[in-house]
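Hi,

Here is the structure I promised to pass on. Have a look at it first, and my notes on what turned up follow below.

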Amino acid sequence: MEASTNPRSWGAWVVVLCAWLAPGLATANPPEAEDPSGLFRHRIERAGTLYESLEYEKALNWLTQAKQVASTTDEQVEVALYRGLVLADLGRRKQALEEFRTGLTLRPLAKLPVAAAPKVERDFESVRKQVQLKQGTESAKAAPVEAPPPVVEEPKAVAPVEKQADATPEPKPLPIHESKPGLRSRLGAAGSSLGKNVGSALGSALDTVMGPKDKPATPPPSEQPAAAAKEEP
């Protein structure tokens, strides 16, 4: 009885009990339970081991659990690409392409976590091109269009204007014209000469048509000797 009521003996029993229960507590609460990142890594590694063993369904279950605790972008990309590999080997190609698209949308330059069959590699690269093309188009649409800077024209150099000399131009010599009286006399002479010529021409024409009026009629030659004979004594 004295041994059971001794405080020192109770303390010794508590230490022994804690030492005995410590391994069990450590097993019940693994470090991964307190660290989400550690828990994700534990589950992704289990899925990788099962995938290497060709146990695809079990690996997919572990990857589903890892997806639930993925907190960072890198973890989300890794689990999505791993799920795409497993789904492709299960023959579920459409779902595998969707998982690849999910991971590559987050990381367009990401790589597959493990080596895959050539057919799966081609599908993966095809999805990558589609994602990059889509993101490039969206970026081009979202980019603001910058207006070109205004063109500033440099002022043109103006040549200095030379001042013209204030020299008065010399008057040009006027053409020499004849005086009005001389011009009139020449016009009168020309007119009289022209009138004479016209009058002479008209007179000749009238003489030809009508004959001269003042000239006496010349007797015929037969009558002239008789008249001469009468006048003789």
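Before the helix pairs, a word on axes: each one is a line fitted to C-alpha atoms, for helices over the stretch in contact, and the angles run from 0 to 180 degrees between N-to-C directions. Keep in mind too that this is a predicted model.

First the overall picture. The chain has 9 helices and 0 strands, so its elements read α-α-α-α-α-α-α-α-α from the N terminus on. It has 233 residues, and 17% of them count as buried. If you take the contacts between residues at least 6 apart in sequence, 53% join residues at least 24 apart.

Helix α5 covers residues 73-89, 17 residues in total. From first C-alpha to last it reaches 25 Å, close to the 24 Å expected at 1.5 Å a residue. Its buried residues include Val77, Ala80, Leu81, Gly84 and Leu85. After the helix comes Gly91, with a positive phi near 85 degrees.

Helix α7 (residues 118-142) has 25 residues and reaches 36 Å, close to the 36 Å expected for it. Buried in α7 are Val120, Asp123, Phe124, Val127, Arg128 and Val131. What do they pack against? The buried residues of α7 pack against α5 and α6, the latter being residues 93-106.

How do the pairs sit? α6 and α7 have their axes 9 Å apart and pack at an angle of about 45 degrees. Roughly parallel would need an angle under 35 degrees, and roughly perpendicular 65 to 115, so α6 is oblique to α7. From the α6 side, the contact is made by Arg93, Leu97, Phe100, Arg101, Leu104 and Thr105. On the α7 side, the residues in that contact include Val120, Phe124, Val127, Val131 and Gln135. The crossing of this pair, α6 and α7, is right-handed.

For α5 and α6, the axes come within 8 Å and cross at roughly 160 degrees. Angles over 145 count as roughly antiparallel, and therefore that is the label for α5 and α6. Their contact is made by residues of α5 including Thr73, Gln76, Val77, Ala80 and Leu81, and by Gln95, Ala96, Glu99, Phe100, Gly103 and Leu106 of α6. The crossing of α5 and α6 is left-handed.

Is Leu81 buried or exposed? Its relative accessibility is 1%, so Leu81 counts as buried. Leaving aside neighbours within four places in sequence, Leu81 is in contact with Phe100, Gly103, Ala110, Lys111, Leu112, Pro113 and Phe124. The C-alpha atoms of Leu81 and Leu104 are separated by 8.3 Å, with the two residues 23 apart along the chain.

Finally, a backbone detail elsewhere. Leu54 is in the loop between α3 (36-52) and α4 (56-69). Its phi is positive, near 65 degrees, in a residue other than glycine. At 58% relative accessibility, Leu54 counts as exposed.

Cheers

Methods:
Residues numbered from 1 in each chain as written. Predicted model: local features only at pLDDT ≥ 70, side-chain atom pairs only at ≥ 80, totals over all residues. Heavy atoms only, no water. Helix = DSSP H or I, 4+ residues; strand = E, 2+ residues; numbered from the N terminus. Expected span 1.5 Å × (residues − 1). Buried < 20%, exposed > 50% of the residue type's maximum accessible area, 1.4 Å probe, protein only. Contact = heavy atoms within 4.5 Å. Left-handed = near helix turned anticlockwise from the far one by under 90°.
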